[in-house]
Amino acid sequence: MAGLTLYGYYRSSCSARLRIALDLKDIVYKSVYVDLNNGEQFKDEYVLKNPSRSVPTLMIDDTWAIPQSMAALAYLEEAYSNSTPLLPGDAKSRADVRTLTDIIAIDIQQPTNDRVIKRAESLGADQMEWSQFFTETGLKAFETVVSKTAGKYCCGDMITLADVCLVPALWNAEKFGVPLELFPTICRVYAVLKDHPSFKKSHWQQQPDCPEELR
């Protein structure tokens, strides 16, 4: 199979999605750490890989880049079809999973991205209030959908991309002080997932580029 390199950052929820999925699928890869605080995402060499100047970037054989996390997750699902599946087999359940992943990726992650937050702050918004509002609003939508689809996990009793995307978003929600108890189904699923080995291993505090004082 192709040699994979994941360019990421310890606190990036999008990077965490890839870490979790790669571990669940037992796919070997190399990690390269992009220090967003020091602006490494803006260096010319990295911009050639990721024109959005963001993380993560999944490199295939050091020749081809996938610079968006959801596209990279789709690639892993299709290219490693013999590994642990993260999408159900039937069309309805797959649509449920994609609905939930879109809520995370579009309704929550996009407006709480560091670049968006900094721009909003420059226009007078309070960073914490902004992040709390969009995270809580998105989780309300997620809770409404997942309350109808959940079994042990977000969609039935298999771990799917919905779970892979949800948990890093909840790590951020905790950072922003969002009261997770408002979302009983999410909390029930999270209680199971946060002790799963792949999710524990992928937690931001477990990453080599996480500053020692934050571990």
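In the predicted model, helix 3 contains a set of buried residues, namely Ser69, Ala72, Leu73, Tyr75, Leu76 and Glu77. The elements that cover these buried residues include strand 1, helix 1, strand 3, strand 4 (64-66) and helix 7.

One of the buried residues of helix 3, Leu76, also belongs to the largest nonpolar core, which comprises 59 residues and in which Leu58, Leu76, Leu139 and Phe142 touch the most other members. Two or more residues are given to this core by each of strand 1 (4-8), helix 1 (13-24), strand 3 (57-60), helix 3 (69-79), helix 4 (91-109), helix 6 (127-149), helix 7 and helix 8. Among these contributors, helix 7 supplies the largest share, with 11 residues. In soluble globular proteins, nonpolar side chains tend to be buried together.

Helix 7 (residues 161-176) also packs against helix 8 (residues 184-193), the two axes coming within 11 Å and crossing at roughly 100°; because an angle of 65 to 115 degrees counts as roughly perpendicular, the two helices are described in that way. On the side of helix 7, the contact is formed by Asp163, Leu166, Val167, Leu170, Trp171 and Glu174, and these meet Ile186, Val189, Tyr190 and Leu193 of helix 8. By residue class, the contact consists of 8 nonpolar and 2 charged residues, with no polar ones.

According to an unreviewed UniProt entry, residues 90-212 are annotated as "domain: GST C-terminal". In the model, this span is 67% helix and 0% strand, and the C-alpha atoms at its ends lie 44 Å apart.

Methods
Residues numbered from 1 in each chain as written. Predicted model: local features only at pLDDT ≥ 70, side-chain atom pairs only at ≥ 80, totals over all residues. Heavy atoms only, no water. UniProt positions renumbered as here; feature names shortened; annotations may be inferred. Helix = DSSP H or I, 4+ residues; strand = E, 2+ residues; numbered from the N terminus. Axes fitted to C-alpha atoms, helices over the stretch in contact; angles between N-to-C directions. Parallel < 35°, antiparallel > 145°, perpendicular 65-115°, else oblique. Contact = heavy atoms within 4.5 Å. Nonpolar A, V, L, I, M, F, W, Y, C, P; charged D, E, K, R; others polar. Core = buried A, V, L, I, M, F, W, Y, C linked by side-chain atoms within 4.5 Å. Buried < 20%, exposed > 50% of the residue type's maximum accessible area, 1.4 Å probe, protein only.
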